[in-house]
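Here is a short tour of one model, written for someone who likes cut-offs spelled out. Have the viewer ready and follow along.

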Amino acid sequence: MARETSGLLDRHLSFIEALRAAGLSVSLAEDLDSVAALGAVGWGDRAHVRDVLAATLVKKQSQRTTFDALFDVYFPALVGDGVSTGSSSEASEGDGADGSGVRDNAAALQAFRDQLVEALQSGDQQQLQRLAAQMVGTFGAMPGRGPGLSSWSAYTALQRVAPQELVDRIVAGLLGDSDADARETEVRRLVNRQVGSFTTMVEDDARRRIAEEKGPDHVADVAIRPSIDKFAFTAARRSDLDEMRRQVFPLARQLATRLTKEHHARRRGALDFRRTVRASIATGGVPLTTHHRPKRPHRTDLVVLCDVSGSVANFAQFTLLFVFALREVFQSMRAFTFIDHVHEVTEHLRPGSDPVDVLERLAAASSYAALWGRTNYGRAFAKFEEQHADALGPKTTLLILGDARSNYSDLEDATLRRLAGSVRRSYWLNPEPESSWGAGDSAARTYRDIVPMVECRNLTQLQEFVHDLAR
């Protein structure tokens, strides 16, 4: 019993470390709270364990997907070929992964696809979970692979079964013979969602098997994607970009509220000595109440100069959108995009605009930022100084966004030095890791000697920087 308790504690601690590595900030106090909560509800029901841990460890809804993926790796619902951990005496019946020895062949594939169609039509989640395990075991096994390579592949199983090709068949079965053209779009959307959910089940089961084979820490390191606010802009897929867009405005609103409170807290100016001494007469000369001179609130003027070339396009759109969402924090803001030419896009960042429309207008305007289409920072700086020098002044903060990769062109570092010298302060956000600065055609090491350069690879780093910028 003591050995089982020790093993469970070790697994829990490894799970906590994996959460931290994936970007979830879990304090020692929150870890202790989760253990205390589990002591109250017990470990007997896996669903309860998941909910208790999520309630005590997860702070943002955007982190829940990462939490669930890691929970399934460290506390799997199934073991081996798919026998439920909750009833070890209950062996799965059927084919392939369930232990009957059926192998991947044409007949097994057709029979499995028929079962999958029936399960998707009925929406039986328990049956779909069983079929996901069976699918990986039968069609995703990759025996005899070399050292360091996994023996299970969700990609191979999905390519073999191709559940997306079954959508038309499932839709036809759900609609039946009735004249339901008006319902077809709705039904097709529902089926696509079900197929997507089943695909996720297959991927989860493949990770579970690999975790049994190589250990959960290995899967957590190489297969679990970080939470969306820690995910790198330049590595994001289309689905990640959609989720990031949904996160930008809530993050900006939270930050705006935080900045407003901080501005109020710093509203007091320097000590007014005369008023303080005068007021102390009423208390026998003891200055119980201090008086301060009124302090004029300062809000910075912001000028954004943003590289919109293909290599940093995702980073550019999210940074511009985030700054757009915070426009009320700045006294005034002007935005410019460039590739090898400079184009002002301030008009597209109008208050009250829909974020999707803003992104579409910015994307359309990016064509005006290119003359030959090859990124040239030096030419962009020279053109900015020539055409838009009036945008800068002694109260301005200049913010440059880009990876500083200039295709070995003239860097015009003297021009950048003049621009930086004409403003109150200047910063450069670079979406590449600092270890890559200066490699290849990167001019980051040259430019960072002129303008302070900050690594900004994800939403969390972007939020932290804008918070410091607007202070």
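Which residues of α6 are buried? They are Leu 128, Leu 131, Ala 132, Ala 133, Gln 134, Met 135, Val 136, Gly 137, Thr 138 and Phe 139, where buried means under 20% relative accessible area, exposed over 50% and partly exposed in between (1.4 Å probe, protein chains only).

Before going further, note that this is a predicted model, in which local features need pLDDT of at least 70 and side-chain atom pairs count only at pLDDT 80 or more, while totals for chains, interfaces and linings use all residues. Residues are numbered from 1 along each chain as its sequence is written, and side-chain values use heavy atoms, with hydrogens and water left out.

Back to helix α6, residues 125-139: its 15 residues reach 20 Å from the first C-alpha to the last, close to the expected 21 Å (1.5 Å times one less than the number of residues). Helices (H or I, at least four residues) and strands (E, at least two) are DSSP runs, numbered from the N terminus. Where α6 starts, the backbone nitrogen of Gln 126 has a side-chain oxygen of Asp 124 within 3.2 Å.

Now for the nonpolar cores, which are sets of buried Ala, Val, Leu, Ile, Met, Phe, Trp, Tyr and Cys residues joined through side-chain atoms within 4.5 Å. The largest has 36 residues, and Val 304 and Leu 429 have the most contacts inside it. Elements that each supply at least two of its residues include α11 (238-265), β5 (301-307) and α13 (313-325). Helix α13 gives the largest share, nine residues. Another core, of 28 residues, lies apart from this one and has Val 167, Val 171, Leu 175 and Val 195 among its members.

Finally, the aromatic rings. The whole structure holds 17 aromatic pairs; rings of Phe, Tyr and Trp (its six-membered ring) pair if their centres lie within 6.5 Å, with planes under 30 degrees apart stacked, over 60 edge-to-face and the rest tilted. Two of them compare as follows.

| Pair | Centre to centre | Plane angle | Class |
|---|---|---|---|
| Phe 67 and Phe 71 | 6.2 Å | 25° | stacked |
| Phe 336 and Phe 384 | 5.1 Å | 85° | edge-to-face |

Phe 67 and Phe 71 are about one helical turn apart because they sit four residues apart in helix α4 (residues 64-74). Phe 336 in strand β6 and Phe 384 in helix α15 (residues 377-388), by contrast, link distant parts of the chain, 48 residues apart. Ring pairs also join Phe 15, Phe 67, Phe 71, Tyr 74 and Phe 75 into a cluster.

Key:
Polar contact = N/O pair within 3.5 Å; in protein donor to acceptor, adjacent residues only side chain to side chain.
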